[in-house]
Amino acid sequence: MSLPVQQGTTSLLDRAGTGRTLDAYVVGVVFLKDGLLAAALGDGRVAFVNSESINSPSFVSVHDGACLSLVVDLGEQRVLTGGDDARLVSTGTDGETTEIAAIAGRWVEPIAASRASGLCAAVFGKTVSLFAQDGRAVGTFDHANTVGGLAFHPKGRRIAAAHYGGVSLWWAKQSTQEPKRLSWSGSHLSLTWSPDGKYIVTAMQENELHGWRVSDGADMRMSGYPTKVKSMSWLPKGRYLATAGAESVVCWPFHGKGGPVGKAPLDLGRGFEGVVTVVAAHPRHDVVAAGYEDGATILVQIDRDHTILVKRPGKGAVTALAWSADGQHLALGTESGLVGRISLSDWRTPS
Amino acid sequence: MNQIPVTVLTGYLGAGKTTLLNRILTEEHGKKYAVVVNEFGEIGIDNDLVVNADEEVFEMNNGCICCTVRGDLIRILGGLMKRQGSFDGILIETTGLADPAPVAQTFFVDEDVRRRTWLDSIVTVVDARHVVRRLEDSHEALEQIAFADVILLNKTDLVPADELAQVETRIRSINATAVIHRTQRCEVGIDTVLGRRAFDLDRILAIEPDFLSEDDHEHDDAVKSVCLRTDRPLDGARLTEWLQRLLVERGQDFLRTKGILSFAGQDKQYVIQAVHMLMEGTFTKPWNPNENRESRLVFIGRNIDELELRQQFDACIA
């Protein structure tokens with residue numbers, strides 16, 4: 001059952017959250033240690049917000065242009081951002097910035113960090129560059145086309161890059177190698193690796209997902225979306241892959257034999273206007289946060305399709321969602337610059 | 001979110017594209033542009049954002065063999081939208097050897113691009129001295145003229161007047177709807193190039209009917225324009241069905257198709273636009289009660305049998 005958005009419906013943001021506009025497109029939000037929230041913005045700034053100070057965020061001017069990508073740095077005390085100024089920069093909460101790398105004319109997106117291997121990776125056009133935690137460059141992998149998606153294997157030993165024609169798999173710590181190719185015609189725009197390492201899924205230009213079983217390269221197609229899928233997120237233990245791109249939260253079953261092949265996805269959170277733009281699965285429970293193009297944000301419980309309103313429509317499409325590592329806090333960002341954080345410490349899985 | 005106008009600059013090697021681009025960027029117009037170029041170097045403008053692109057042409061898996069898009073543009077336009085309000089328009093310079101179809105098709109195929117931008121016009125710079133020879137030996141030079149909404153016939157100071165007239169006639173036989181400006185060193189007012197909304201077809205109404213069809217009997221792969229017209233209202237369903245079938249079957253030969261049509265029982269103009277087999281049609285403004293509701297449909301392409309098209313078009317009269 002979906003909760004209809006009516007006048008007077010209180011959202012979690014109204015009840016248990018705070019929000020303010022930062023006057024620029026919110027490219028991404030992440031939680032650092034101690035509940036600190038960082039937002040990367042379309043005007044090149046990074047904003048840091050602690051739980052008390054959403055009304056007085058501290059801003060750091062990082063990129064000359066727009067931030068394009070954001071991840072938590074390995075120590076969880078800093079953020080890494082890529083910009084359209086062709087720079088990859090590490091920024092501390094005190095405002096200190098360190099340029100990790102720059103390649104003239106190359107936009108820096110996406111980036112990925114692997115705590116398991118102590119490596120970070122960033123895409124500079126057709127090149128994936130690997131960095132150690134101290135910012136030292138430790139490898140580069142070149143591709144024939146621009147890399148759109150990037151993810152480490154959960155253990156960090158391999159890295160997968162999505163591009164036109166499929167995916168290239170590289171060993172992270174091997175200097176000379178030919179990548180293993182997973183081929184499928186078309187343009188692959190983003191990529192995710194399942195938490196158990198068995199599956200790779202890409203989002204394609206053609207409003208569909210393509211998946212491979214890594215062990216044997218078996219293909220799987222997941223189609224039927226009305227728009228491009230811009231966001232994918234694995235539920236705990238990789239049981240489901242939650243996806244944006246439809247008018248509901250489409251969750252593909254990956255537990256059991258054969259993954260999603262021959263199975264229908266769950267179709268949750270119906271009843272809202274427009275298309276889901278961002279999804280973020282809760283780190284511990286079978287709950288997905290989903291943001292819509294009209295700005296509405298919900299939490300939906302996988303097995304019950306029980307929906308809770310997090311944010312009412314407005315302030316532009318939702319562009320970013322993130323959970324704190326303990327799952328107690330949810331952050332969101334929108335196209336028009338709203339950043340919100342919600343505390344769920346007193347919220348329990350509805351029974 | 002406001003839609004941002006996009007102008008595509010094409011032209012064969014050495015025609016003067018970069019000269020035009022620099023002219024646009026240095027003129028005092030109080031506007032800021034994001035410029036998508038293929039190589040850095042010749043452009044050095046502080047106030048504008050220059051983005052390096054790689055012209056990555058991708059085939060779409062939509063069962064349409066000629067449907068290619070510029071993957072790099074989709075990504076760049078998406079990225080630029082994050083810099084809200086920091087520029088007024090986008091200029092895309094293509095390489096001299098580029099076929100303009102993938103650029104134009106990108107604006108039909110990709111929903112995000114369509115939602116956030118509109119294709120204002122395709123501007124093609126032509127070297128008046130060399131164009132006739134280029135048209136003989138270069139597929140791309142021909143396509144660039146066929147796709148243009150605005151053509152700068154450049155370097156006119158280097159060509160005698162009678163030869164220039166012949167060149168213009170040749171260009172006109174390929175593309176009957178483009179606006180042609182004769183220039184030296186690409187000296188034109190910026191407003192003749194930008195903010196044209198030329199892709200929205202008003203030009204079709206200005207076609208000189210007699211100008212067409214006089215240059216048809218060339219070799220088989222000649223690109224030419226054919227304009228069909230009628231004063232009688234058309235059967236909307238029959239016409240769109242015919243066009244869709246025609247473009248699916250013959251889309252590789254038909255480079256651009258544009259039309260302003262009057263349907264029986266409809267007060268509004270029906271406007272169609274197609275690039276190869278990608279077509280879209282919408283009802284736009286109402287016909288003026290005092291105006292002659294003449295439907296016009298223009299095809300620019302190869303191997304076009306005008307008589308056959310005319311018969312099929314006439315069969316769509318209500």
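Two strands count as paired if DSSP finds at least two bridges between them. Strands are DSSP runs of E with at least two residues, helices are runs of H or I with at least four, and both are numbered from the N terminus.

This is a predicted model, in which local features need pLDDT of at least 70, side-chain atom pairs count only at pLDDT 80 or more, and totals for chains, interfaces and linings use all residues. Residues are numbered from 1 along each chain as its sequence is written, chains are lettered from A and ligands numbered from 1 in the order in which they are written, and side-chain values use heavy atoms, without hydrogens and water.

**Exercise 1.** Describe the open sheet of chain B and find its edges.

Solution. Step one: the sheet has seven strands in the order 3-2-6-1-7-8-9, with parallel pairing. Step two: strand 3 (49–52) and strand 9 (179–182) of chain B each pair on one side only, which makes them the edge strands.

**Exercise 2.** Work out how strand 2 of chain B pairs with strand 3 of chain B.

Solution. Step one: strand 2 (residues 33–37) and strand 3 of chain B pair in the parallel sense over four bridges. Step two: within this pairing, Val36(B) stands opposite Val51(B) in strand 3 of chain B.
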